Amino acid sequence: MIELEGITKRFGEVIALDRVSLKIDEARIFAVIGNSGAGKTTLLRIISLLERQDEGRYLYKGEDAWSKEEDLKRRITMVFQKPVMFNTTVYNNIAYGLKLRGYTREEIKTKVAEMLELVRLEGYEKKNAKRLSGGEQQRVAIARALITEPELLVLDEPTANLDAANASVVERCIKELVGDGTTVIMATHNLFQAKRLSDRVAYLFNGRLIEVGKTERVFEKPENELTEKFINGELYF
Amino acid sequence: MELIFNGIRGAIELILGANPDVAEIAARSVRVSGMATLIASTWSLPAGLAIGLYSFKGKGLLKSLFNSMLGIPTVVLGLILYLLLVPSGPLGFLGLIYTEMGISFGQALLITPIIISFVTTSIESVEKEVRELAKTLGAGRFDASIAVMRETMAGVVLSIIAAFNRAVAELGVAIMIGGNVFVRGSALNTRVLTTAIQMYTSRGDIEMAIALGIILLLIVFVVSMVLNFLQSRFA
């Protein structure tokens, strides 16, 4: 579904991504792991077409992704690590993507109700989204992303700031989503979560792709010494 | 202290007695400064939005210019406008000197930097994250810009409150362009609250000055509260 070939991204003198090449399959959960500053968010932003790579090619279903930018932006949705809320009600936040796509008022109402049930926020429709707790905001962000039924959902540390209960709701949503045919790419520094949820995993270190493979294999028999140290918690900075 | 207490007592009597001169001057102040805010908004809101939303060469310089104009002395602006608007001046043909519209025009120029700076700052504070959020949900450039503008509604309202308050409370432009003209029953009066306060104080009519001062403060508070209420309703 996604092919990255030699993706390089620089911010001034800093090389955030250094010739990263990856293939990501459809209807799977792909986890990107690595320490802070490894380049996970930059990789996700490029995949979400929020940042353009300096070098390399980004192919989406065999075609150059940037040449189909407008179309793909309606099929790829990203949820940020720190949820950003529109300063309006939960209902309007979740309905935003559907309004852009011209859904009728009745369709929107039905779908928003479904999403609120999915993220367990029934009865929150009229609350101002900015006044919710961090965990509730993250769930609104997930609902807002899911309601548009994206082909590809990109999640940047989706449970980093959540308590166990909120994290479990989000993880359940991710699993249900993949069952419905959506592809999920998620950055996480929670190794247990990567192991629990993902089918394939990529390990980034200082902007370089160190290892990629099936989750079980990478965690059980890492091929690279750095991966092994990272998984074992022996990589200090 | 006695002067102040007597002044306040007399002021309250003047307000409660609905003194027609006081009422006329207060109404003119609101009308003139309201018109100034309206005029300034027609060019300042689009300008603020454009500066906040788009990147272009010289943007930083333009922002610095408007920021530095925030503190322009009203007397200096009044003097410049007076020289431009007097009958022998280059803009004398407009016939704005010693008119309500002349004061509104001068106050509009005074508050232009306030609206532009507030709007620009409020857009820039949310622009990147809201634009990105809208894009990730499928918005194109236009829809993303609309989303950013919606998020800055509070900043826009604040800019209008600040601009009106600055206009209604300024003295320099009102006195130099308006001339503090007052003839009971005349349609050509230009006396507003600030010019009247200055005049009554210099004449020693402290009761009248305090009464007008209280009304000026009330106008500022009421306008701020009403706009804040409307803004919270919008949000």
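Trainee: Which residues in H3(A) meet which residues in H4(A)?

Mentor: Contact means heavy atoms within 4.5 Å. Here A:Val90, A:Tyr91, A:Ile94, A:Ala95, A:Leu98 and A:Lys99 in H3(A) meet A:Arg105, A:Ile108, A:Lys109, A:Lys111, A:Val112, A:Met115 and A:Leu116 in H4(A). This contact has nine nonpolar residues, no polar ones and four charged ones. Ala, Val, Leu, Ile, Met, Phe, Trp, Tyr, Cys and Pro count as nonpolar, Asp, Glu, Lys and Arg as charged, and the others, Gly among them, as polar. This is a predicted model, in which local features need pLDDT of at least 70 and side-chain atom pairs count only at pLDDT 80 or more. Residues are numbered from 1 along each chain, and chains are lettered from A.

Trainee: Is A:Lys73 buried or exposed?

Mentor: Buried means under 20% relative accessible area, exposed over 50%, partly exposed in between (1.4 Å probe, protein chains only). A:Lys73 has 5%, so this residue is buried.

Trainee: What does the side chain of A:Lys73 make a polar contact with?

Mentor: A polar contact is a pair of N or O atoms within 3.5 Å; within protein, one must be able to donate a hydrogen and the other to accept it, and residues adjacent in sequence count only if both atoms are side-chain atoms. The partner is the side chain of A:Glu69, at 2.8 Å. Beyond neighbours within four places in sequence, A:Lys73 also contacts A:Leu49, B:Lys135, B:Thr136 and B:Gly138.

Trainee: What does B:Ala163 touch?

Mentor: Leave out residues up to four places away in sequence, and B:Ala163 touches B:Ile111, B:Ile114 and B:Ile115. Its relative accessibility is 0%, so B:Ala163 is buried.

Definitions and conventions
Side-chain values use heavy atoms; hydrogens and water are left out. Helices (H or I, at least four residues) and strands (E, at least two) are DSSP runs, numbered from the N terminus.
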